[in-house]
Structures are given as structure tokens and as C-alpha cells.
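Here is a short tour of one protein model. Keep the sequence and the 3D view open while you read.

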Amino acid sequence: MPVRRSRRGSSGGQSRVRSRTARAEVTFSVSHVERLLREGRYSQRLGASAPIFLAAVIQSLTAKVLELAGIEARNRGGRLITPDVVDMVVHNHPLLSAFFQSTIISQAVPGRY
């Protein structure tokens, strides 16, 4: 009779299914980014790592913008990151300004219910 060896970290030999987002340790959904890339018809072929890389880049850009906006909101004496603060941060940062050159950040304030 063969000896059963338990794997370290496994639960009774059953492997746990993890999403690509969890395996890549990113916040933005890798599957959603892949679907948008495929539906956008940006190229005929799509590498397996392309949506993972793009999700990581989007997460990094979002983190940087929110970090700078949070610092600016605190410097203004406020606690909220408003579209006005995000717009100012993006336009005052040289690299972000060049990257978001053709982007319009909404200034509309949603109505309170």
C-alpha cells in the first residue's frame, strides 16, 4: 500500500483554485482587462501576460494619482479627494500631465439624495 504524503499548505490534497488577479496580486481584475483588450481588437493576438501587465500598470497609476491627491487634499485642509483636487494634481505633475493630456476629469458634482 503506497504511503500518502501530504503537501505543505494543501488541504487534504485538494488544490484551491485562485484567480489570475489573486495570483498576480493586483487589485484590478485581470479577466476584465483581458476581455476589454480582446473586444477592443487592438491586435490579432494577445499574449497571456499582457492583461496582467496592463492591470498592474493601471493599479500603479491609480495609486500614484490617489496618493498625490490625498496629499494635496490634506494640504488644503480638507479630508475629501474631489475631482477638482485630482484635476489639479494631474495637471501640475509633469509626467501625469503628459500622460493624461487628452483626458477630461469631470467637474460635475452628483446631486445629494
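## The main core

Eight residues make up the largest nonpolar core: V65, A69, A73, V85, V86, V89, V90 and L96. A nonpolar core is a set of buried Ala, Val, Leu, Ile, Met, Phe, Trp, Tyr and Cys residues joined through side-chain atoms within 4.5 Å. Two elements, α3 and α4 (83-92), each give two or more residues to this core. The largest share, four residues, comes from α4. Buried means under 20% relative accessible area, exposed means over 50%, and partly exposed lies in between (1.4 Å probe, protein chains only).

Now look at A73. Leaving out residues up to four places away in sequence, A73 touches G78, L80, I81 and V85. A touch here is a contact, with heavy atoms within 4.5 Å. There is also a second, separate core of five residues, including V30, V33, L37 and A55.

## About the model

This is a predicted model, in which local features need pLDDT of at least 70, side-chain atom pairs count only at pLDDT 80 or more, and totals for chains, interfaces and linings use all residues. Residues are numbered from 1 along each chain as its sequence is written, and side-chain values use heavy atoms, with hydrogens and water left out.

## Overall build

The protein has five helices and zero strands. From the N terminus on, the order is α-α-α-α-α. Helices (H or I, at least four residues) and strands (E, at least two) are DSSP runs, numbered from the N terminus.

Of the 113 residues in the protein, 15% are buried. The accessible surface comes to about 9,900 Å². Carbon and sulfur atoms hold 54% of that surface. Accessible areas come from the Shrake-Rupley method with a 1.4 Å probe; for residues, only the protein chains shown count as cover. Among contacts with a separation of 6 or more, 29% join residues 24 or more positions apart.

## One side of α4

Which residues of α4 are buried? They are V85, V86, V89 and V90. These residues cover an arc of only 130° around the axis, so they sit on the same side of α4. The arc is that of the directions from the helix axis to the C-beta atoms. What covers the buried residues of α4 includes α3 and α5 (94-99).

## Helix α1 and the side chain of T21

T21 is found in helix α1. Is T21 buried or exposed? T21 counts as buried because its relative accessibility is 16%. Its side chain reaches the backbone nitrogen of V30 at 2.9 Å. That is a polar contact: a pair of N or O atoms within 3.5 Å, where within protein one must be able to donate a hydrogen and the other to accept it, and residues adjacent in sequence count only if both atoms are side-chain atoms. Not counting residues up to four places away in sequence, T21 touches V26, T27, F28, S29 and V30.

## Helix α2

E34 is found in helix α2. E34 is buried, with a relative accessible area of 16%. Its contacts, not counting residues up to four places away in sequence, are R20, L46 and P51.

L36 also has its place in helix α2. L36 counts as partly exposed because its relative accessible area is 42%. L36 and P51 are 15 residues apart in sequence. In space they are 9.2 Å apart, C-alpha to C-alpha.

## Two loop residues with positive phi

E25 lies in the loop between α1 (20-24) and α2 (30-40). Its phi is near 55°, a positive value in a residue other than glycine. E25 is exposed, with a relative accessible area of 68%.

R41 is in the loop between α2 and α3 (50-75). R41 has a positive phi of about 55°, although it is not a glycine. R41 is exposed, with a relative accessible area of 73%.

## The aromatic pair

How many aromatic pairs does a search of the whole structure find? It finds one. F99 and F100 form this edge-to-face pair, at 5.1 Å centre to centre and 85° between the planes. Rings of Phe, Tyr and Trp (its six-membered ring) pair if their centres lie within 6.5 Å; planes under 30 degrees apart count as stacked, over 60 as edge-to-face and the rest as tilted.

F99 counts as exposed, at 55% relative accessibility. F100 counts as partly exposed, at 22%.
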